[in-house]
Amino acid sequence: MRAAHPFAYPALKFGRRPVARVAGVGVLVRDAALLRAILMNTASFTKTGPGAPADLWTPVLGPSVLLNMEGTDHLALRRKLAPLFAPSYVDELVEESLAAPLASLSERLRAGESVDLVAEVRRYASITIGRLVGLDESVLSDDLFRRVSSITSMVRLSKPRLSPAQVVTARAVMTELGSHAERTFRAGDESTVPGRMRALGLTETEAMGAVGAFVLTGTETLVSYIPRLACLLVDSAWHGRVAADQTLVEAAIAEGLRVTTPSPVMLRSVVADATIGTVPVRPGDRVILATFAANRALGAFDPGGNAAAGLKQLWFGAGAHFCLGAPLAMAQIRLVLGTLLEFPSLQVESRKAARGVLIPSYQRVLVRA
Ligand code: HEM
């Protein structure tokens with residue numbers, strides 16, 4: 001986390017107060033109960049006001065990509081897309097998409113090969129999200145993934161908006177991505193996100209923005225999380241224990257999500273007077289929800305104690321914007337972890353943290369059975 005944000009992380013963790021006004025940044029919240037209350041209170045807190053995600057993403061992705069919407073339009077689009085993200089649907093999609101790559105991972109580990117887990121997960125996440133947004137497997141190459149990541153790495157907490165030059169660069173990548181999905185939109189295939197958006201009467205441009213948004217949200221989080229989970233399990237010696245007792249798998253995944261919090265910070269803008277804890281806030285205030293700090297306050301990674309159980313998956317958000325892709329993420333996490341648990345004595349041979357990225361991640365994690 002420090003490799004990604006050497007100054008912001010220590011600053012966000014500094015001090016003990018659950019809510020604090022930080023000059024030039026906004027109102028910082030680090031308590032799980034307060035955080036949840038804000039996420040549930042859409043009358044006072046929005047994603048579309050000044051300093052909120054819409055300011056960052058609408059210039060790049062257009063206006064209709066869920067994470068920059070509120071109210072009835074947001075609800076209608078979520079409802080339309082919901083069947084594509086239902087657990088029964090994504091479980092099958094992920095199993096089918098990843099069967100061959102995971103069989104190959106298992107074979108390579110069994111043969112004693114060193115495998116870069118980051119590169120593996122990047123491929124898995126690209127394949128599955130590509131299926132949902134109607135992109136051919138070959139389109140989401142490592143090169144395109146790097147260019148997509150270069151967009152998120154432009155984001156800094158201290159800068160609520162991208163600069164005009166950054167918007168131009170980001171839009172070029174998104175346009176390229178969208179151009180590959182045009183066919184899916186025009187065919188109106190309702191087994192894909194663009195097809196469903198078309199059925200809702202949204203335009204091709206809006207649907208292409210959503211393709212970009214789903215690739216942005218649906219790849220980097222997993223490329224960050226799964227290798228971090230593997231490292232946590234191996235470092236803490238829980239890997240062998242979970243392999244021996246698979247009733248611990250869900251607790252291990254939840255604990256990993258709690259202590260890593262792959263989407264570490266959420267943003268909101270105040271639209272109506274409110275109080276957060278003891279701190280009054282006014283319309284226009286920017287609220288920084290430091291989920292990672294709230295989650296980590298519950299202690300170190302411990303699948304046995306499972307402190308995560310009481311957090312109601314706060315790492316996926318709460319309320320109207322609760323992560324739409326959570327079932328897709330969980331399906332991938334379970335399957336990849338399932339393969340790694342075939343090897344109780346898995347070792348992490350070497351690892352390198354990624355620098356200059358938005359979502360704290362490893363750049364490389366070499367594992368060997
Ligand atoms: C471990 C992996 C993931 C984590 C920790 C995560 C976390 C989150 C969080 C915290 C939010 C809420 C943000 C807020 O309220 O401001 C969110 C929203 C969202 N996530 Fe995820 N996410 C993950 C994977 C995915 C995947 C695989 C997809 C697939 C497309 C996805 C798609 C979305 C979308 C579309 C939203 C916006 C929902 C809305 O605004 O209605 N996420 N995610």
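At 41% relative accessibility, Arg-21 counts as partly exposed (buried means under 20% relative accessible area, exposed over 50% and partly exposed in between, with a 1.4 Å probe and protein chains only). This is a predicted model, in which local features need pLDDT of at least 70 and side-chain atom pairs count only at pLDDT 80 or more, while totals for chains, interfaces and linings use all residues. Residues are numbered from 1 along each chain as its sequence is written, and side-chain values use heavy atoms, with hydrogens and water left out.

Which residue does Arg-21 meet in a salt bridge? The partner is Asp-285, with N and O 2.9 Å apart (a salt bridge is a side-chain nitrogen of Lys or Arg within 4 Å of a carboxyl oxygen of Asp or Glu). The two residues come from distant parts of the chain, 264 residues apart: Arg-21 is in strand β1 (residues 19-22), and Asp-285 is in the loop between β7 (279-281) and β8 (286-289). Helices (H or I, at least four residues) and strands (E, at least two) are DSSP runs, numbered from the N terminus. Asp-285 counts as buried because its relative accessibility is 13%.

How many salt bridges does the structure hold? There are 17. Another of these pairs is Glu-120 with Arg-108, whose closest N and O atoms are 2.9 Å apart. Glu-120 sits in helix α6 (residues 117-133) and Arg-108 in helix α5 (residues 87-110), so this bridge ties together parts that are 12 residues apart in sequence. Here Glu-120 is buried, at 6% relative accessibility, and Arg-108 is partly exposed at 22%.

Helix α5 also supplies Arg-110, whose side chain meets Glu-342 in a salt bridge of 3.0 Å, N to O. Glu-342 belongs to the loop between α14 (326-340) and β9 (347-353), so this pair ties together parts 232 residues apart in sequence. Arg-110 is exposed, at 56% relative accessibility, and Glu-342 is partly exposed, at 39%.

## How α6 packs on α14

Two packed helices are described by the angle between their axes and the distance between the axes. For α6 and α14, that angle is about 140° and the axes are 11 Å apart (axes are lines fitted to C-alpha atoms, for helices over the stretch in contact, and angles run from 0 to 180 degrees between N-to-C directions).

Which residues make the contact? From α6 come Leu-117, Tyr-124, Ala-125, Thr-128, Ile-129 and Leu-132, and from α14 come Leu-328, Gln-332, Val-336 and Leu-340 (contact means heavy atoms within 4.5 Å). Of the residues in this contact, 8 are nonpolar, 2 are polar and none is charged (Ala, Val, Leu, Ile, Met, Phe, Trp, Tyr, Cys and Pro count as nonpolar, Asp, Glu, Lys and Arg as charged, and the others, Gly among them, as polar).

Which protein residue is a donor to the iron atom of the ligand? The iron has a single donor from the protein, the SG atom of Cys-323, 2.3 Å away (donors are N, O and S atoms within 2.8 Å of the metal, or 3.2 Å for Na, K and Ca; water is not among the atoms, so sites may look incomplete). Cys-323 lies in the loop between α13 and α14.

The loop between α13 (291-296) and α14 also holds Gln-313. Most residues other than glycine have a negative phi, and most peptide bonds are trans. Gln-313 is not a glycine, yet its phi is positive, about 55°. This residue is partly exposed, at 35% relative accessibility. Thr-261, too, has a positive phi, near 40°. It is found in the loop between α12 (249-260) and β5 (266-270), and with a relative accessible area of 1%, Thr-261 is buried.

## Distances along the chain and in space

Tyr-362 lies in strand β10 (residues 362-368). Leaving out residues up to four places away in sequence, Tyr-362 touches Val-118, Pro-227, Arg-228, Cys-231, Arg-351, Lys-352, Ala-353 and Ala-354.

Thr-203 lies in the loop between α9 (193-199) and α10 (204-235), and is partly exposed at 39% relative accessibility. Thr-203 and Val-148 are 55 residues apart in sequence, with 23 Å between their C-alpha atoms.
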